[in-house]
Each structure stands twice: as structure tokens, then as C-alpha cells.
Amino acid sequence: MALHCIVTRPAAQAADWVAALHALGAAASALPLIDIAPPTDPTPVRAAWERLPSRALVMFVSANAVQHFFALAPAGAGWPAGVRAGCTGPGTAAALQAAGVPAAAVVQPAPGAGLDSEGLWAQLEAEPWAGRQVLVVRGEEGRDWLADTLRERGADVAFVAAYRRCPPVLDAAGQALLARAQAEPAAHGWVFSSSEAVAHLRALVPAARWQGACALASHPRIAQAAREAGFGRVELLPAPTPAAVTAWAQRCAPIQSASQ
């Protein structure tokens with residue numbers, strides 16, 4: 001029997017992933033380990049919309065950044081011509097296009113490249129950035145590697161927090177799923193797309209033992225966080241898709257069962 005996949009993305013994305021996994025015949029449940037909330041003060045996002053036409057690039061760190069940024073768009077506002085929207089993965093690219101950004105204006109890592117800031121920079125580094133204005137749309141905190149790199153090349157980089165990332169508050173179903181995962185670690189496979197989600201799991205159940213559990217991580221930093229949390233087997237899948245996650249769940253189950 002394949003592993004029961006636990007999808008730890010924020011609720012909106014986790015629901016889509018679970019539906020896609022079910023369509024492929026995989027057993028899966030959502031356990032969002034990051035809650036997403038609107039910004040406490042929407043004024044900076046509204047001001048960012050006013051200055052949008054002056055930007056050479058607007059970098060969105062996630063689909064949540066897209067959704068919350070566009071939720072505060074002025075009535076009737078469209079995406080300005082000549083402004084590119086950067087992202088690090090296909091999910092965010094799809095969210096941008098769904099929000100009305102033309103596909104030609106979206107820049108993301110090349111196929112086969114890492115789904116991270118370095119992969120996006122590979123698409124941008126040949127350009128002259130001195131004096132150009134860049135906006136990074138993110139949560140209240142985030143990784144600054146791309147912003148620092150652009151600044152080193154002379155770009156004027158600003159940030160705006162379009163949403164807040166909060167620790168999860170589990171409902172009864174989430175608490176029951178977490179209890180089952182602790183009771184039967186070898187039967188469950190954790191799908192992590194954020195090291196913050198791993199940290200929140202550790203805070204929720206600090207005494208949990210995950211040596212018998214599998215984890216799938218989308219980036220080396222996330223994989224390292226899962227190892228530090230005690231997961232006995234951690235695999236890296238830089239460009240996860242529902243089909244790839246389903247194959248992983250099927251592949252890992254016999255190995256875990258044999259170890260019991």
C-alpha cells in the first residue's frame with residue numbers, strides 16, 4: 001500500500017494538491033502548517049500598485065503573494081505594459097496568468113533549472129540592471145538573495161508585504177490527522193514545500209519521533225530542515241508535480257513497510 005501523503009502547504013494550495021493527488025489515485029490529506037492572512041495595513045500594497053508602471057520587474061515569491069497583491073488592486077486596474085512579473089515556479093506563474101498578467105510578461109526559471117531565486121536569476125543576469133526599479137512582493141519576511149544580487153548590479157529594490165505567514169491553528173480534523181501520523185509514522189509521507197512548515201510541525205509536537213516517516217522536500221534547505229526534525233528518510237524533488245509525488249508515495253511504501 002502506498003504512503004498516505006500529508007500536504008503541508010497553506011490551505012488554498014493544499015486543497016488543490018490533495019484534489020490532484022486523489023485524481024491520480026493517491027491517498028492524501030491536507031495539513032496546512034502555515035496560515036496565510038492579509039496584511040495588517042493594506043496601505044503599502046495600494047501604494048505599490050500606484051508605482052507599478054515604473055517597475056522593470058515585480059518579483060512574486062509565491063502564489064499567495066500574487067493572490068493577496070491582486071486582491072488589493074485598484075478597481076479596474078490591469079497589469080502595466082512593459083512590466084515583467086518574476087516568479088520561481090509554475091504554480092506562481094499560473095496564478096499570475098490567472099490574475100491577468102500576460103504570459104509573455106511572466107519570467108521564471110528555465111525547464112530543468114532549480115525552482116528558486118538562483119534559477120530565476122539565471123534568466124535575468126544577462127540584462128543591465130543599473131538604475132532599474134524592482135519590487136519584491138512577499139510576506140512580512142523572506143529570503144533576500146535575489147534582492148541583494150540585483151542591488152549589487154545597481155538595481156533599486158523595494159519590498160512590500162502583501163500577506164502575513166502565521167503558525168497554524170489546527171481544527172479537529174487536522175489534530176486527528178496529526179495524531180494518526182504520529183501513531184503510524186511509516187504509513188504517512190510528508191510533502192514539504194517550506195522549511196517554515198517543518199519548524200511549525202516541530203513546535204506543534206516537539207516530542208514527536210519521525211525516524212520511521214518519509215518526507216519529500218522541494219529544496220535542499222527544506223530537506224535539511226526535515227532531517228534536523230528527525231525524519232528518517234528525506235528525498236529531494238526540486239520540481240514536484242502531483243504525478244511525481246504519487247510515484248514517490250508508491251515507491252517509498254515498500255521500503256518503509258520492510259523496515260517495520
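A residue counts as buried when its relative accessible area is under 20%, a cut-off to keep in mind while moving through this predicted model.

Begin by selecting phenylalanine 231, which has a relative accessible area of 5% and is therefore buried. Now colour the chain by its elements: tryptophan 190 belongs to strand β10 (residues 188-192), while phenylalanine 231 falls in the loop between α9 (220-228) and β12 (233-236), so the pair ties together parts 41 residues apart in sequence.

The structure holds 12 aromatic pairs, and the next one to select is formed by phenylalanine 60 and tryptophan 79, a tilted pair with 6.1 Å from centre to centre and 50° between the planes. This pair links distant parts of the chain, since phenylalanine 60 sits in strand β4 (residues 57-60) and tryptophan 79, 19 residues away, in the loop between α3 (63-71) and β5 (84-86). Both phenylalanine 60 and tryptophan 79 are buried.

Select arginine 132 with tryptophan 129, where the charged end of the arginine sits over the tryptophan ring, 4.4 Å from its centre. Then select arginine 138 with phenylalanine 159, where the charged end of arginine 138 sits over the phenylalanine ring at 4.0 Å from its centre.

Terms used: Residues are numbered from 1 along each chain as its sequence is written. This is a predicted model: local features need pLDDT of at least 70, side-chain atom pairs count only at pLDDT 80 or more; totals for chains, interfaces and linings use all residues. Side-chain values use heavy atoms; hydrogens and water are left out. Rings of Phe, Tyr and Trp (its six-membered ring) pair if their centres lie within 6.5 Å; planes under 30 degrees apart count as stacked, over 60 as edge-to-face and the rest as tilted. Helices (H or I, at least four residues) and strands (E, at least two) are DSSP runs, numbered from the N terminus. Buried means under 20% relative accessible area, exposed over 50%, partly exposed in between (1.4 Å probe, protein chains only). A charge sits over a ring if NZ of Lys or CZ of Arg is within 6 Å of the ring centre and within 35 degrees of the ring normal.
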